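Let's take a walk through this protein chain, piece by piece. Keep the picture open while you read.

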Amino acid sequence: MRAVRAVRAALGAAAVGVLVAGCGAPAARVDGARAAGEGFEQALAAGDNEAACRLLAPETLEQLEQDERKACAQVLGAEQLPKAASVVATEVYGRQAMLRLEGDTLFLSQFSDGWKVVAAGCTPQGERPYQCVLKGG
């Protein structure tokens, strides 16, 4: 009887371990979100606004161009986005991601053509939502 209980306990613990491990996002999604965010930051650092604009989500791109009444590449550099360094953490929840870097936080969404930046220059506000310099409508 004791052996049966021990086996049941071991199987139960193994099942919990599998369920907990399965809750994380697949590595490909995490890597994709991270690559898009890093690409966006690298393009900004290099002054390649056209490349950075290609990595913006459609609504974010549209909002920026409507607000400034100019093409994204003409105004993105003036948005006063913080300089970001290395990635601290990448969190993926379904088709949404948050990429925390030293100096900046990005929010991304997964589209049919890959991960895109929905919001950038985001800072935490305690219990309130992040405040972002660049975001969609």
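## Strands side by side

Start with strand 4 (residues 114-125): in this predicted model, strand 4 pairs with strand 5 in the antiparallel sense, over 5 bridges. To see how they line up, find A120, which stands opposite L134 in strand 5.

Now zoom out. These strands belong to an open sheet of 5 strands, ordered 1-2-3-4-5 with antiparallel pairing. Which strands sit at the edges? They are strand 1 (87-93) and strand 5 (128-135), and each of them pairs on one side only. Going from one strand to the next, the twist averages 30 degrees.

## A helix across the sheet

Next, look for helix 4 (residues 58-68). Helix 4 lies across strand 3 (104-111), strand 4 and strand 5. Its direction makes an angle of about 65 degrees with strand 5.

## The largest pocket

How much volume does the largest pocket have? It comes to about 190 Å³. Among the residues lining this pocket are E41, L44, A45, N49, L76 and P82. Helix 2 (residues 27-46) gives the largest share of the lining, with 3 residues. Sorted by class, the lining has 6 nonpolar, 3 polar and 3 charged residues.

The chain has a mean pLDDT of 83, and 81% of its residues reach 70 or more. Residues 1-23 are another story: their pLDDT stays under 50, and the model gives them 0 contacts beyond four places in sequence.

Key: Residues are numbered from 1 along each chain as its sequence is written. This is a predicted model: local features need pLDDT of at least 70, side-chain atom pairs count only at pLDDT 80 or more; totals for chains, interfaces and linings use all residues. Side-chain values use heavy atoms; hydrogens and water are left out. On a 1 Å grid over the protein atoms alone, a cavity is a set of points where a 1.4 Å probe fits but cannot get out, and a pocket is an open set with protein on both sides within 12 Å along at least five of seven lines; lining residues have an atom within 4 Å of a point. Grid points are joined across faces, edges and corners, and a volume is the space filled by probe spheres set on the points. Helices (H or I, at least four residues) and strands (E, at least two) are DSSP runs, numbered from the N terminus. Ala, Val, Leu, Ile, Met, Phe, Trp, Tyr, Cys and Pro count as nonpolar, Asp, Glu, Lys and Arg as charged, and the others, Gly among them, as polar. pLDDT is the predictor's confidence in each residue, from 0 to 100. Contact means heavy atoms within 4.5 Å. Two strands pair if DSSP finds at least two bridges between them. Axes are lines fitted to C-alpha atoms, for helices over the stretch in contact, and angles run from 0 to 180 degrees between N-to-C directions.
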